[in-house]
Number of protein chains: 2
Amino acid sequence: MHTPDPELLRWLRPQLLEQIPLARAMQLDIAELDAERVVLRAPLAPNVNDKGCAFGGSIGALLTLSGWSLLTSRARSAGLECGIYIQDSQLSYLKPAWDQLEAHARIDGADVQRWVLQYGARRRARIEVQSDLYSGGVHAARMQARYVALPL
Amino acid sequence: MHTPDPELLRWLRPQLLEQIPLARAMQLDIAELDAERVVLRAPLAPNVNDKGCAFGGSIGALLTLSGWSLLTSRARSAGLECGIYIQDSQLSYLKPAWDQLEAHARIDGADVQRWVLQYGARRRARIEVQSDLYSGGVHAARMQARYVALPL
């Protein structure tokens with residue numbers, strides 16, 4: 001568990017679980033959180049489809065929230081009073097997921113710095129995040145998504 | 001309500017609501033179903049985000065299920081014993097959704113016919129579906145997704 005800022009983790013968890021009912025229905029949890037990476041987890045049972053593997057919509061929602069969680073944490077750390085919105089995404093389903101779901105989102109520190117500066121200058125800043133879904137050691141899906149920070 | 005085959009609707013509803021727990025959590029319902037079109041609905045409340053509008057992951061899941069529902073119905077009508085899997089999707093969030101969610105998926109009868117023939121010949125057939133998300137008269141999101149039919 002790499003969590004340089006436990007206060008940030010204590011702040012983020014209720015943002016997800018109390019404000020987004022679907023995150024609660026998915027039984028999502030934050031497994032790791034640091035400045036450049038977040039790992040979200042969810043058990044398979046509440047996220048299955050008719051075939052018994054993970055429902056594509058659950059995979060997409062978990063990947064969407066992984067990028068959102070990372071950016072929301074970075075914005076708070078930088079003191080930005082903004083909301084983070086997803087703008088578009090490309091999602092590839094690579095293999096069926098038959099086990100616990102893990103979404104890994106990663107951003108580069110230099111990209112975040114540019115994003116924070118741009119928001120300061122324009123009150124609107126976009127950034128891309130790649131998120132990957134693993135399940136039982138299998139790389140099951142990959143998402144490339146663009147998010148925008150806007151004033152609240 | 002355009003439902004030429006009420007038996008198909010009676011068959012599809014439990015496929016969604018009993019086999020996919022997230023569809024139940026979203027309080028999804030089938031509003032329309034015919035050979036070339038499906039409309040799925042979900043209320044906003046179980047699908048909100050931290051800002052009080054629709055969560056992007058709920059929008060993606062509803063759009064994913066709209067294409068899946070249409071193809072699953074078409075496969076059953078054609079007597080194909082297959083599973084329908086999403087392969088990839090491109091999703092654009094156009095406007096925030098502040099009201100009940102409606103996902104409209106549409107396919108062309110000629111495309112379906114080719115898809116059914118291809119599955120018969122190769123036991124594997126791909127098809128693209130476009131789905132649109134409307135909320136309170138606003139066109140809130142658009143998804144282009146590719147699905148594949150594979151033997152069960």
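A:Asn49 is found in the loop that lies between strand 2 (37–42) and helix 3 of chain A. The model described here is predicted. With a relative accessible area of 10%, A:Asn49 falls under the 20% limit and is therefore classed as buried. A polar atom of its side chain lies 3.1 Å from the backbone nitrogen of A:Gly52. When neighbours within four places in sequence are left aside, A:Asn49 is in contact with A:Ala54 and A:Phe55 of chain A and with B:Gln19 and B:Ile20 of chain B.

The size of an interface is often given as the accessible area lost when the parts come together. For chain A and chain B, the buried area is about 2,500 Å², of which 65% is on carbon and sulfur atoms. Within the part of this area that chain A buries against chain B, A:Leu22, A:Lys51 and A:Phe55 supply 24%, more than any other three residues. A:Phe55 is also among the residues in contact with A:Asn49. The contact between the chains takes 31 residues from chain A and 31 residues from chain B.

On the side of chain A that touches chain B, the elements giving two or more residues are helix 2 (21–25), helix 3 (56–77) and strand 3 (82–93) of chain A. Strand 3 of chain A gives the most to this side, with eleven residues. By class, the side of chain A that touches chain B comprises 17 nonpolar, eleven polar and three charged residues.

In chain B, B:Leu117 has its place in helix 4 (residues 109–122). B:Leu117 has a relative accessible area of 63%, which is over the 50% limit, and is therefore classed as exposed. The C-alpha atom of B:Leu117 is separated by 9.8 Å from that of B:Ala78, although the two residues are 39 residues apart along the chain.

Note on methods: Residues are numbered from 1 along each chain as its sequence is written. Chains are lettered from A and ligands numbered from 1 in the order in which they are written. This is a predicted model: local features need pLDDT of at least 70, side-chain atom pairs count only at pLDDT 80 or more; totals for chains, interfaces and linings use all residues. Side-chain values use heavy atoms; hydrogens and water are left out. Helices (H or I, at least four residues) and strands (E, at least two) are DSSP runs, numbered from the N terminus. Buried means under 20% relative accessible area, exposed over 50%, partly exposed in between (1.4 Å probe, protein chains only). Contact means heavy atoms within 4.5 Å. Buried area is the accessible area (1.4 Å probe) that two parts lose on being put together, summed over both. Ala, Val, Leu, Ile, Met, Phe, Trp, Tyr, Cys and Pro count as nonpolar, Asp, Glu, Lys and Arg as charged, and the others, Gly among them, as polar. A polar contact is a pair of N or O atoms within 3.5 Å; within protein, one must be able to donate a hydrogen and the other to accept it, and residues adjacent in sequence count only if both atoms are side-chain atoms.
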